[in-house]
Amino acid sequence: MDITFNIGGMAGQGIDTIGDLLTKVFVRNGLYTFTVKDFESRIRGGYNFTQIRVSDRPVHCPVDDIHVIVALSKDAITGKRDQLVADGVIIYDDRLDFEPSEQCHFPAPLSKTAKSVGGSTRMTNAAALGALLSVVGFPFDLAKEVLSDIFSAKGSDVVERNIRVAQALYDFTAERFTGSCRTLLRDLRPGKATARLVVTGNQAVAFGAMAANAKWVAAYPMSPSTGAFVEIVSHARELGIGVLQTEDEIAALAMAIGASYGGVRSFVSTSGGGFSLMVEALGLAGMTETPVVIYNAQRPGPSTGLPTRTEQSDLLFTLFASQGEFPRVVFAPRDPVDAFEAVVRAFNLADRFQVPAIVLGDQYLADSAMNIEGLDVPGVTIDRGKLYDGSQDQYQRYLLTEDGISPRAFPGDPGVVVVSSGNAHLENGHITEDPSLRDAMVEKFIKKIPAIRESLREPDLYGPDNPELTIVSWGTTWGAIREAVTILNEKEDRTIAHLHFTDIYPLRTGRLEEMFASSERVVSVEQNATSQFAHLVTMETGHTFDGHINKFDGRPMTPRWVMDRVREVIA
Amino acid sequence: MTITAEELAPPQKITWCTGCGNFGILAALKKAVMELDIPRHDYVLVSGIGCSGKTPHYINLNSFHTLHGRPIPVATGLRMANRDLRIIVHTGDGDCYAEGLGHFIHAARRNVDIAVFVHNNGVNALTKGQYSPSSPRGYVSKTSPPPPGAPMDPVNGVAHAIVAGATFVARGYAGDQKSLVGLMKEAITHRGFAVLDIIQPCVTWNRKLTWRYYNERIYRLEEDGHDPSDRIAALQRAMDSSERIPVGVFYRGEGPLLIEGLSVPEGRLRDHATDLKLLEEIIDRLRV
């Protein structure tokens with residue numbers, strides 16, 4: 001089973017609410033869901049949609065085929081028509097001025113029934129859900145209980161009215177709808193999935209930061225990162241976390257650095273434009289060896305670009321941001337579970353190596369949701385790195401050591417003076433222009449890089465030995481590519497391997513070397529125009545790719561899109 | 001508890017020019033620190049870039065020498081990390097009133113509990129004498145547009161601070177040690193955002209705002225019938241366009257501290273650990 005629902009309409013019409021209801025109905029019945037949100041940068045109106053893929057197996061990406069569209073606006077009736085499967089259906093509110101002209105059009109009295117049966121057009125959501133479940137033949141009883149639960153907080157009257165509205169549309173549709181779609185779930189049995197936690201990437205990032213004991217979080221709102229900050233703010237009181245919306249991103253990172261110098265784990269969230277403003281302070285974190293974790297939910301740039309769309313085009317900028325040379329760690333998680341772990345690891349490595357760590361997400365990860373078993377909060381360990389044990393005659397913040405890492409003390413600790421400077425400095429932190437000290441301090445930085453690399457993970461490798469093709473990818477494109485590769489290998493007898501990176505920089509090259517040696521061809525797949533990760537690989541290994549697959553229209557990849565491009569490469 | 005002059009001795013050789021007003025500021029700072037009953041390890045100097053930014057290297061205290069214009073946000077984060085610290089920002093007119101003006105205004109609005117000492121010499125000195133945000137209209141320097149010089153009025157830091165909500169606003173003079181020490185002590189111990197604009201002649205570059213220029217014009221607010229609890233009167237003094245230059249406390253008030261408006265737990269934030277059991281419960285609320 002693999003069905004996709006698309007709920008479209010104008011911003012402010014309650015598309016998300018219908019999507020949430022639908023997700024809950026399926027998740028409660030033991031199925032897997034993957035939800036993407038496609039919206040415009042506006043508060044009201046426009047054409048937005050939520051697309052929910054439902055399967056009895058875990059799914060990690062959206063697909064092109066849509067089985068049922070629920071349209072709350074005229075644009076939504078026609079907007080995704082070309083992706084509707086042959087026996088699909090478009091349910092729309094019959095109050096819309098749109099004459100049915102195709103077999104798939106199914107006007108239904110959504111808002112009328114909400115008003116007449118439920119007493120309020122606000123129950124159009126429940127009406128849409130009833131119609132939708134009916135066309136796919138979903139047993140109403142399985143939905144009823146979920147609805148009662150969802151609305152229970154609003155009182156039994158509201159529960160009852162919502163259920164009556166949903167039931168009315170369910171019955172109306174069962175009677176009137178003659179398309180073939182309804183056979184899809186007639187025999188549905190609740191699935192076995194126990195994955196009941198529905199999270200977005202932004203939420204997972206936020207939970208990672210909170211689990212890692214981030215106690216100071218500063219941000220300036222910027223799509224698509226804002227959700228992560230909002231999630232932390234909403235629990236700040238309960239968990240005792242200092243949070244502040246700052247005047248700009250410059251202040252956000254500067255405050256985080258100040259808090260970290262004071263001994264507190266600190267976190268900032270932003271998107272590419274905000275990260276651009278943070279670059280100067282990133283260098284300060286580098287020079288002063290002050291750990292900090294930065295989350296960049298990428299969106300298509302340059303400049304304002306596409307504020308609510310997705311892209312992986314900040315990679316090389318992230319690696320090289322700031323004047324000067326200093327070590328940093330970069331992660332690009334592939335899904336919410338990976339994002340949670342990457343953020344926790346980012347905090348630990350930032351502390352251990354006293355460097356800034358950057359987690360690169362994107363709008364696709366930030367806003368898409370899936371149901372998972374859980375996030376491993378009890379498994380989180382905190383590594384604060386080397387802390388000062390009182391063993392020096394006179395504490396020196398930048399003491400030269402074998403591994404380049406100096407023990408940290410914090411201002412307020414009795415008996416020590418903690419001096420940090422963004423200027424080139426002596427071991428005691430005071431400024432110097434001495435050439436040999438400059439050499440020593442730069443060498444101190446640079447010797448951390450191989451040690452950081454060793455503490456990162458090799459990429460995930462999937463597929464046969466000696467493949468005809470290896471696809472190299474990173475970050476959030478994992479789901480679509482993995483599914484495409486699986487289909488090509490299983491259904492089309494291909495031997496394709498997929499090498500996927502979450503730990504980006506310093507780049508681990510062991511498995512890359514193996515794949516360049518054993519694979520007939522190696523091709524990169526990236527959500528950007530210039531194959532930035534491939535450039536990084538070439539820079540670090542000297543190997544060049546046999547081809548590049550790029551997508552930069554701001555929309556997430558689907559397995560079909562990847563398969564079509566890969567077939568072109570193989571042909 | 002007393003801090004000795006030896007303990008504060010300059011960790012490195014001072015590079016300011018002979019006759020620089022910064023010497024007066026450093027001397028007053030040392031005196032203020034020695035006279036106050038605050039443990040040495042609780043002081044932190046946070047500085048920006050410029051001649052003022054070097055202050056932390058000439059007095060042996062905790063310090064963070066940051067970026068041009070950014071010491072205030074760095075100090076704000078540090079204040080949140082540890083509410084026991086006494087944080088003094090050393091910034092200049094170029095640092096605070098040019099690149100850092102936005103942060104200055106917002107920090108005042110927030111009433112973040114730090115003291116900000118603006119070493120104000122009316123010139124960008126370390127970069128060799130360009131006009132600064134507090135250079136007077138018509139100030140001639142290598143980067144001033146050809147005649148008649150800097151084509152704008154200076155930033156009025158004291159007035160900005162009062163309007164933005166700073167709860168302690170004063171002006172000191174590097175040439176008046178006694179008064180400066182007192183103002184510093186009050187700024188350091190003030191509960192809230194304390195601004196101390198310190199007039200400090202740059203003997204190398206600024207031929208207009210000289211020791212003599214100031215000595216002839218300065219008068220003391222407390223000797224002139226000013227009521228520092230009156231915010232409007234403070235603003236009037238700050239905006240006085242006559243040739244006289246007031247020093248002393250313009251405004252002294254109180255207001256809620258930033259940290260009180262945030263969800264920062266009791267004690268030092270750096271000692272606090274998030275309750276992971278509670279976090280698990282929070283995450284479990286998302287289960288459907």
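This is a predicted model: local features need pLDDT of at least 70, side-chain atom pairs count only at pLDDT 80 or more; totals for chains, interfaces and linings use all residues.
**View 1. Where chain A meets chain B.** Let's begin at the interface, where 60 residues of chain A are in contact with 48 residues of chain B. The elements of chain A that each supply at least two residues to the side touching chain B include helices H1 (15-28), H7 (201-211), H8 (226-239) and H10 (272-288), along with strands S7 (197-200) and S9 (242-245). Helix H9 (249-261) of chain A is also on that list, and H9(A) gives the most, with 9 residues. By residue type, the side of chain A that touches chain B divides into 35 nonpolar, 15 polar and 10 charged.

**View 2. Strands that pair across the two chains.** Strand S15 (419-421) of chain A is another contributor of at least two residues to the side that touches chain B. Here S15(A) runs parallel to strand S2 (residues 62-65) of chain B, and 3 bridges join them. To find your bearings, look for A:Ser421, whose bridge partner in S2(B) is B:His65.

**View 3. Two helices crossing in chain A.** Helix H4 (residues 124-135) and helix H6 (residues 156-176) of chain A have axes that come within 7 Å and cross at roughly 35 degrees. The crossing of H4(A) and H6(A) is right-handed. On the H4(A) side, the contact is made by residues including A:Ala127, A:Gly130, A:Ala131 and A:Ser134; on the H6(A) side, A:Val165, A:Ala166, A:Leu169 and A:Thr173 are among them. The residues of this contact divide into 12 nonpolar, 5 polar and no charged.

**View 4. Inside the largest nonpolar core.** Which residues touch the most other members of this core? Among its 246 residues, they are A:Ile91 and A:Val343. Helix H12 (residues 336-353) of chain A gives the most to the core, with 11 residues. Leaving aside residues up to four places away in sequence, A:Ile91 touches A:Val68, A:Ile69, A:Val70, A:Ala71, A:Phe106, A:Ala108, A:Ala131, A:Leu132 and A:Val135. A second, separate core of 10 residues includes B:Cys20, B:Cys51, B:Val123 and B:Ala150.

**View 5. Strand S14 of chain A and its partners.** Strand S14 (residues 369-372) of chain A pairs with strand S2 (residues 32-38) of chain A in the antiparallel sense, over 2 bridges. In that pairing, A:Phe34 stands opposite A:Met370. S14(A) also runs antiparallel to S7(A), with 4 bridges joining them. Between these two strands, A:Val198 has A:Asn371 as its bridge partner.

Key:
Residues are numbered from 1 along each chain as its sequence is written. Chains are lettered from A and ligands numbered from 1 in the order in which they are written. Two residues are in contact if their C-beta atoms, placed from the backbone, lie within 7 Å. Ala, Val, Leu, Ile, Met, Phe, Trp, Tyr, Cys and Pro count as nonpolar, Asp, Glu, Lys and Arg as charged, and the others, Gly among them, as polar. Two strands pair if DSSP finds at least two bridges between them. Axes are lines fitted to C-alpha atoms, for helices over the stretch in contact, and angles run from 0 to 180 degrees between N-to-C directions. A crossing is left-handed if the near helix is turned anticlockwise from the far one by less than a right angle, and right-handed if clockwise. A nonpolar core is a set of buried Ala, Val, Leu, Ile, Met, Phe, Trp, Tyr and Cys residues joined through C-beta atoms within 7 Å. A residue is buried if 20 or more other C-beta atoms lie within 10 Å of its own, exposed if 12 or fewer, and partly exposed in between; C-beta atoms are placed from the backbone.
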